[in-house]
Structure formats: C-alpha cells, structure tokens
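Hi there,

Here is the structure I promised to pass on to you. Have a look at it first, and then read on for what turned up.

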Amino acid sequence: GVEPTVTLTVIENKLFAEQQRHLFDNFWKIADPVQLSNDGSTTYSVTIKRDPEDVYAYISDLSNWPNFSDFAKDFERVTDSKYIAHTSQGDITVLAKFDPKRLLLDTTCTLPGGKTDFIPYRVVPNKEGAELMMTNFKPTESSAEDYEEQLAWMKIELNNIKQLLEH
C-alpha cells in the first residue's frame, strides 16, 4: 500500500491561531453526532418532539415513506409489510420486520443481485419525545464515496421525518 503523506502547518501569529481554534470549536459543536462502530456500521439519530408511539405509527405505515424518502418515491405495495422500490439500480424488495410493542422499525432490503441488507431502525422514548435511530452497515464491496452517499441520504430521511412530525 501507499503510505500517507503527513503535512504539518505551524501558525506563529497568536491572534490568527486563536481565531482558528475558535473556528474549530464552533464546527465541533455543530457537527452531526455519529457513532462509528467496529462492525462497520454507522448510527444516526434525531430527536423528534412527539410521542414515541406517534413516530412509530407514522413510519410503520409504509405508504408514508414516499413523504420523507426519495428511495420510496416509486414504491409498489405487495402486502402491508412488503413493498418493492423501483430504483435506478433496479428493484429492491423492502420487508418490514416491525414490532409495535418494542417500537422497532427494522427492515430487510433485498437488492437486485439477491443480497439482503438488514437495517435496524428504532424509536426510543426520551425526555423531549422520541429519539429516532437508524443504523447502516457498510457493505464490503461499497466504496467510501458510495457509503458516504448512503449516510447522507439516511440523515436527510431522518431530518425529513423530524420536519414532518414536528410541524
């Protein structure tokens, strides 16, 4: 493999150095909380100021998914718990593994090539209402760029749900 090149910049102007430190601190404060796990997964969460049961009820109705997910814009209902997403990559079968007692919104997605991905999706009560959490596992054959794009869409979907349910 190629060894990375390490570059060091020394800021000698004290005022400029202090300004850069403040910039870094502010960026750190507004950064998205992300959990990177040893198993190659990434979990994002968003706080929604609604009863956890309301959040669960909305998301567990797969016919609502096109309201917050571009992935579901061309959803075809097969049964209450099985849909086919017609996407540019081909048809993806979405099977709901929901558990209303535990507020689980887990799904399995079967990709056009037959590979199945498990997507843990949780509603967790908190002081402000509910925490909606979604985990994505990086496929071994996926490039870093493709995975970053998946994570960006995950954040967009979570934020769309928050906007829909809080307004």
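Let me start with a question: with which residue does R102 form a salt bridge, and how far apart are the closest N and O atoms? The partner is D99, and the closest N and O atoms are 3.6 Å apart. R102 itself counts as exposed, at 59% relative accessibility. Please keep in mind throughout that this is a predicted model.

**Salt bridges**

Another of them joins the side chains of D80 and R77, with 2.4 Å from N to O. D80 is exposed, its relative accessible area being 62%.

A further one links E166 to K162, at 3.0 Å from N to O. Both residues sit in helix α3, 4 residues apart, which is about one turn of the helix. In an α-helix there are 3.6 residues a turn, so residues three or four places apart point the same way. Are the two partners buried or exposed, or something in between? E166 has a relative accessible area of 26% and is partly exposed. K162 comes out at 19%, and because buried means under 20%, K162 is classed as buried.

**Helix α2 and its cover**

Helix α2 runs over residues 52–60, and its buried residues are P52, V55, Y56, Y58 and I59. Why do they lie on the same side of α2? They cover an arc of only 165° around the axis, so they end up on one side of the helix. The cover over these buried residues includes the strands β2 (41–48), β5 (90–99), β6, β8 (121–126) and β9 (129–137), along with helix α3 (144–166).

**The β6–β7 hairpin**

β6, one of the strands in that cover, also takes part in a hairpin with β7, with 5 residues between the two. Strand β6 spans residues 104–110 and strand β7 residues 116–119, and they pair in the antiparallel sense over 4 bridges. T110 has T116 in β7 as its bridge partner.

**Around G40 and N136**

G40 is in the loop between β1 (35–36) and β2. With 31% relative accessibility, G40 counts as partly exposed. Which residues does G40 touch, not counting those up to four places away in sequence? They are N136, F137, K138 and Y147. By contrast, the C-alpha atoms of G40 and D91 are separated by 25 Å, the two residues being 51 residues apart along the chain.

N136 lies in strand β9 and is buried, with a relative accessible area of 16%. Its side chain makes a polar contact of 3.5 Å with the side chain of Q150. Leaving aside neighbours within four places in sequence, the contacts of N136 are G40, S41, T42, Y147, Q150, L151 and M154.

The side chains of T43 and T135 are joined by a polar contact of 2.8 Å.

That is everything from my side for now. Happy browsing!

Best wishes

How values were computed:
Residues numbered from 1 in each chain as written. Predicted model: local features only at pLDDT ≥ 70, side-chain atom pairs only at ≥ 80, totals over all residues. Heavy atoms only, no water. Pairing = 2+ DSSP bridges. Buried < 20%, exposed > 50% of the residue type's maximum accessible area, 1.4 Å probe, protein only. Arc of directions from axis to C-beta. Contact = heavy atoms within 4.5 Å. Polar contact = N/O pair within 3.5 Å; in protein donor to acceptor, adjacent residues only side chain to side chain. Salt bridge = Lys/Arg side-chain N within 4 Å of Asp/Glu carboxyl O.
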